[in-house]
Amino acid sequence: MREIFGDISGSGAAHKGPGPAKEGDDLAHLDARLAGAVRSGSDGTGIVMLQPAECVVWDGNPRDVPRLTPEGCRSLIESIATEGGNRIPVLVRRAGEGAEIPYELLVGSRRRFAVDWLNHNGRPELRLSALIVDVSDEEAFRIADLENRERADISEIDRARSYQAAVDRFYGGVQSKMAQALSLSNSQLSRLLSLAQLPEDVVEAFPARTELRVRHSEVLTPLLRRPELRAAIIDAAIAIAAQQQQRTANKQPLIAAAAVLSKLRQAAVSEPSKPEPVTLMAGGTKVGVMRHGRGGVVDVSLSVGGDVDVESLLAELGRRLREAQREGMTRAA
C-alpha cells in the first residue's frame, strides 16, 4: 500500500521528475497506480467486488454525492457498461465496529454512482471493483483531495468548505500544517478558506455553485468584513437570487457570474441614504444637533448656555443616543 501511495503517504505530495509540479500530475499518477494494482494483483490481494450499497461515502470526502446525475456521469456510465466494470478501482476502508454498512468509500464516488445506476438500469450483474486500504482519517482526506482536485463536478466552494472543516478536524486548527500536507502555499489555502466563509445568501446569488470562484471571494470578502457594507451586499444578493429563481421558472438565461459580482460590488459602494440631523432640545430650548455618520458613528454638536437645565439635556441626549444605537443594530441585522 505504501508503494501505491508513495507520494501521498508522506508529509505532502512530493513531486518526482524534472520541472515544476502541476496540479493534476498526482491525480493522473494516482489513477494509473490504482489501475496497475488491479493488473498486477494476480491473487486479488486487497481487491474486492462490492455491491454499491455495501459502501457509504466517507464524510470527509468533498464530493457532494447528491448532485451526481446520470447526465453528468454519462461517459463514465457508458465506459463501465462497455468494459463490464470499473477499470480503476475505488478506494474503501473497513467501517468501524458496529457500523451497519461494512465499508467507507474514500475515493470513487462517481464510479460508485455509475455502477449503482447500471445495477438499476439493466445491468444488475455488475459489481464495484474496490481496493481495501488501511489509512488514517488525515491520509484519507489527502488521498480524496488529490483525486478530486481536477474533477469538473467538484466546485471550488465545495472544495473550500471541505478544507474549512478539515483544518480543525485533521490539523488541530493549524492552517500552515494543512497547507504543507496538501502541498499548497499558505496564501492559496487562505484564499480557499475565505471562499468557504462566504454567506450562503451570496452563494445563492450566483447562477451555479460551479461558477463561484476564489477570485470572486477575493473581491467580496474585504467588503463583507465591513459591517456598514455587509448588510447592503447580502440584501442585494437575496434580491439577485430571487431574480435567478424567477428566470429559471420562466426558462430565461440566468444572470452571469460576472454580472452578479458587479451588482454586489455596486451595492457596497452605493452611498446609503443618511438620516436627517436630529435637533436636541432641553426645556423647550434648542441646545444642539446630532448627526449620523458611517459605521454607526454619531456626531453631537452642543451649544449650552448658562440657563440650560443640565439634567434635561442629559436625559434628552441619552434618549436620542439609545434610539440611534437601536437603529444602527437594526441596519446591521
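Is Glu-323 buried, partly exposed or exposed? I looked up its relative accessibility and found 25%, so Glu-323 counts as partly exposed (buried is under 20% relative accessible area, exposed over 50%, partly exposed in between, with a 1.4 Å probe and protein chains only).

**Basis.** I note that this is a predicted model, in which local features need pLDDT of at least 70, side-chain atom pairs count only at pLDDT 80 or more, and totals for chains, interfaces and linings use all residues. Residues are numbered from 1 along each chain as its sequence is written, and side-chain values use heavy atoms, with hydrogens and water left out.

**Overall.** I recorded 12 helices and eight strands (DSSP runs numbered from the N terminus: helices are H or I with at least four residues, strands E with at least two). Of the 333 residues, 42% are buried.

**Salt bridges.** I searched the whole structure and found 16 salt bridges (a side-chain nitrogen of Lys or Arg within 4 Å of a carboxyl oxygen of Asp or Glu). In one of them, Arg-320 meets Glu-323 at 3.5 Å, N to O. Both residues lie in helix H12, three residues apart, about one turn of the helix.

I then looked up Asp-137 and Arg-93, whose side chains meet in a salt bridge at 2.4 Å, N to O. Asp-137 belongs to helix H4 (residues 137-148) and Arg-93 to strand E3 (residues 90-94), so the pair ties together parts 44 residues apart in sequence. Asp-137 is partly exposed at 31% relative accessibility, whereas Arg-93 is buried at 12%.

A further salt bridge joins Asp-145 and Arg-159 at 3.9 Å, N to O. This pair links helix H4, which holds Asp-145, to helix H5, which holds Arg-159, 14 residues apart. Both residues are buried.

**Helix packing.** I examined helix H5 (residues 156-171) against helix H7 (residues 186-196): the angle is about 105 degrees and the axes are 8 Å apart (axes are lines fitted to C-alpha atoms, for helices over the stretch in contact, and angles run from 0 to 180 degrees between N-to-C directions). The two helices, H5 and H7, are therefore roughly perpendicular to each other (65 to 115 degrees). Arg-159, Tyr-163 and Val-167 are among the H5 residues that meet H7, where the partners include Leu-189, Leu-192 and Ala-196 (contact means heavy atoms within 4.5 Å).

Key: Parallel < 35°, antiparallel > 145°, perpendicular 65-115°, else oblique.
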